[in-house]
Amino acid sequence: MEWPINKPIYDINKSWEDNLENGPFVDGFKKIERTNNKDSSKYIDFLGQKLASPIGVPAGPLLNSQWVKFALEAGFDLPTYKTIRSHEHFGHPVPNVMYLDLENNENDRDVKQFSKSDSGSILHATQKIPTTMDQLAITNSFGMPSMGKEYLYKDIALAHSYLGDGQSMIVSITGTASSAHDFLQDFVDTVRIACDAGAKIVEVNYSCPNVVTGEGQIYHNPDAVYEISSTLVKELSSKNIPLIIKVGVMDDLEKMERLFQQAERAGVAAIAGINTLSMKVTDKVTGEPSLGASRLTSGVCGAPIRSAALDWVSTASSIIKKQNSKLKLLGCGGIVKPEHFDDFLNSGADIAMSATGLMWDPYIAMKWHNNKK
């Protein structure tokens, strides 16, 4: 039950559109039967959905219904349909994904672990393919492309049709606009697409630029989070659809605590984190941006961000307990081996999710399931 590490199911040499139309690239994949979680009495309740396990996929790699279908069959009981917009939106050209040239820890096969303070650091891309999942480090930059409304109505509904017992799906959304008023309305327009397509759970991505205040990413402004989230909750509550917000790392603990307070006050049901660590990826020789002149910074994923992600989950869990909050927690970032799911669950996450791990080892969830007593 091993998958060649040089054969990711998302072909990084092809465009996003090619991967959407023809992926996932899983020739040679053998479906594995689960030896656990067959007893529905042991299903867990998550935001009103009965799940056979707390294992999921975050927004990103599941480009359409065929990708969702594969993830469900591969043992992920809570996949996320990739972030959608209110209209068709073209992303960045290839390259979108590159391997990173990182030193291993001293006397260790693992790559160096980053902390949240490493955000903004300079890294270098490489053509060298890692030999183990412990060394898997990538950067990605897609520009959050999205298919158009009519495609999404049909395809999200089709993705839902693939759900089996003990499975559910999150639909991720974001906003696109140039002014504060238009920005807020665009979030509403997008969440209506998700609802009309039959979404059971909606996640809003607050890791995108904040046009409401002009200040960095939205999640860094708790009041903007409250404004947008409360508006979305009003749209969703009549349909009994819970809202998750997706955030990234924060250096300011007080601001993080206020973010959680404002999220719950707005009616948010759960918080997901982290996204990626944003860093500058350049050519080692020329110093030029590896992904192109317009993309100096990009998201770092894979093994080296696990420590930062676990730190976020642990801190988030402590805040929830301190505030006596009912918020649920979804953790992701650096889960590249099956035992990493347990690291996140033991740190306080209600749901543990893997994106890069799934892309480079499609057996990762089944390995977790079938190792359980």
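Helices, as the term is used here, are DSSP runs of H or I with at least four residues, and they are numbered from the N terminus. The model is predicted. The chain contains 10 helices and 15 strands. Its radius of gyration is 19 Å, close to the 21 Å given by the globule rule for 373 residues, so the chain is as compact as a globular protein of that length.

**Overall architecture**

- The C-alpha trace spans about 50 × 50 × 45 Å along its principal axes.
- Of the 373 residues in the chain, 56% count as buried.
- When contacts between residues at least 6 apart in sequence are considered, 74% of them join residues at least 24 apart.
- The accessible surface of the chain amounts to about 15700 Å², and carbon and sulfur atoms account for 46% of this area.
- The chain carries 37 positive and 44 negative side chains, with the centres of the two sets 4 Å apart.

**Helix 8 and its surroundings**

- Helix 8 comprises residues 338-346, and its buried residues are Pro-338, His-340, Phe-341 and Phe-344.
- Viewed down the axis of helix 8, these buried residues fall within an arc of 150 degrees, so they line one face of the helix.

- Most residues other than glycine have a negative phi, and most peptide bonds are trans.
- The peptide bond from Gly-23 to Pro-24 is cis, with omega near -5 degrees.
- Pro-24 is situated in the loop between helix 1 (16-22) and strand 1 (44-46).
- Val-94 and Pro-95 are likewise joined by a cis peptide bond, for which omega is about 5 degrees.
- Pro-95 belongs to the loop between strand 4 (80-84) and strand 5 (97-100).
- Asn-240, a residue other than glycine, has a positive phi near 60 degrees.
- Asn-240 occupies the loop between helix 5 (222-237) and strand 10 (243-246), and with a relative accessible area of 69% Asn-240 is exposed.
- Asn-324 is not a glycine either, yet its phi is positive at about 50 degrees.
- The loop between helix 7 and strand 14 holds Asn-324, which is exposed with a relative accessible area of 68%.

- Thr-282 is part of strand 12, which covers residues 277-282.
- The relative accessibility of Thr-282 is 7%, under the 20% limit for burial, and therefore Thr-282 counts as buried.
- Not counting residues up to four places away in sequence, Thr-282 touches Ile-122, Leu-123, His-124, Ala-125, Gly-287, Glu-288, Pro-289, Ser-290 and Leu-296.

- Leu-158 lies in helix 3, which is made up of residues 149-161.
- With a relative accessible area of 34%, Leu-158 is partly exposed.
- Leaving aside neighbours within four places in sequence, Leu-158 is in contact with Ser-65 and Gln-66.
- Leu-158 and Gly-198 are 40 residues apart along the chain, and their C-alpha atoms are separated by 9.8 Å.

- Ala-74 is found in the loop between helix 2 (65-73) and strand 4.
- At 1% relative accessibility, Ala-74 counts as buried.
- Apart from neighbours within four places in sequence, the residues in contact with Ala-74 are Phe-29, Pro-362, Ala-365 and Met-366.
- Ala-74 and Ala-365 are 291 residues apart along the chain, while the separation of their C-alpha atoms is 6.6 Å.

Methods: Residues numbered from 1 in each chain as written. Predicted model: local features only at pLDDT ≥ 70, side-chain atom pairs only at ≥ 80, totals over all residues. Heavy atoms only, no water. Buried < 20%, exposed > 50% of the residue type's maximum accessible area, 1.4 Å probe, protein only. Helix = DSSP H or I, 4+ residues; strand = E, 2+ residues; numbered from the N terminus. Arc of directions from axis to C-beta. Rg over C-alpha atoms; globule rule 2.2 N^0.38 Å. Contact = heavy atoms within 4.5 Å. Areas by Shrake-Rupley, 256 points an atom, 1.4 Å probe, with all protein chains shown as cover. Lys, Arg positive; Asp, Glu negative; His and termini not counted. Charge placed at Lys NZ, Arg CZ, Asp CG, Glu CD.
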